[in-house]
Amino acid sequence: MRLNLKIWRQSDSSSKGNFEKYQVTANEHMSFLEMLDVLNEQLISDRKDPVAFDHDCREGICGACSLVINGRPHGPNSGTTTCQLHMRFFKEGDEIVIEPFRARSFPVIKDLVVDRSAFDRIIQAGGYISVNTGQAVDGNAIPVSRECSSKSFDAAACIGCGACVAACPNGSAMLFVGAKVSHLGLLPQGKIEHPRRVQNMVKQMDEEGFGNCSNVGACESECPKGISLENIARLNRSLIGSVLTSD
């Protein structure tokens, strides 16, 4: 199939970018990233600069493949990362608009690649358990309810791709932070540091320039792992509780 691509090109973070149009012939069995590979081979053979885009595992696990495709983070399919989107969902002659994630806290590095290190700094602020637990104990030594373990596992499914930020009109990272706080705070091992963790991660989130949540719900809709808005509500409750009970 022959496709018309409209791709954002930007040489670096300080340069002004613009859309450029290309045509590419793709097989319906290709993934979206394989289609971009074909385009880049074409550009290189024409002695032109290939399109820079991020990727790693190409198995829907890492989230590095983050793109906005026709206005939607990761493309038109729900619960799917860009690398798992296949060209059979497009048809002959389609125009596909491809952009980087647009958020003040995700500056463009080049073309479709953005700097998401703000997420790393939020994790460094408290997204871990540092309590010394001593030697490894039996897996069943600490009782954990089925409800808590299930909710914790669901929150831990967040891959930190940033689609929630790209989908939010405020550029909020509340779903990401809520998921990271929830998957640790719901377990007994994470409860000791929970109040301090919540305050530190929210403080770092604000310092990174992410916006506030206004309950639009686009983050949950566009999340490739279906992370629930319940995690934002849990984050807000945890933050209020930690502030009220802190010394």
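Is F19 buried, partly exposed or exposed? In this predicted model, F19 is partly exposed, with a relative accessible area of 31% (buried means under 20%, exposed over 50% and partly exposed in between, with a 1.4 Å probe and protein chains only). The model is predicted, so that local features need pLDDT of at least 70 and side-chain atom pairs count only at pLDDT 80 or more, while totals for chains, interfaces and linings use all residues. Residues are numbered from 1 along each chain as its sequence is written, and side-chain values use heavy atoms, leaving out hydrogens and water.

**Aromatic pairs**
- A search of the whole structure finds six aromatic pairs (rings of Phe, Tyr and Trp, the last by its six-membered ring, with centres within 6.5 Å; planes under 30 degrees apart are stacked, over 60 edge-to-face and the rest tilted).
- W8 and F19 form an edge-to-face pair, at 5.1 Å centre to centre and 80° between the planes.
- Because W8 lies in strand 1 (residues 2-9) and F19 in strand 2 (residues 18-25), this pair ties together parts that are 11 residues apart in sequence (strands are DSSP runs of E, at least two residues, numbered from the N terminus).
- W8 is buried, with a relative accessible area of 13%.

**Phenylalanine cluster**
- F119 and F210 form a tilted pair, at 5.8 Å centre to centre and 35° between the planes, and both residues are buried.
- F106, F119, F176 and F210 form one aromatic cluster.

**Charges over rings**
- R102 lies over the face of W8, at 4.3 Å from the ring centre, and K6 lies over the face of F19, at 5.4 Å from the ring centre (NZ of Lys or CZ of Arg within 6 Å of the ring centre and within 35 degrees of the ring normal).

How values were computed: Helices (H or I, at least four residues) and strands (E, at least two) are DSSP runs, numbered from the N terminus.
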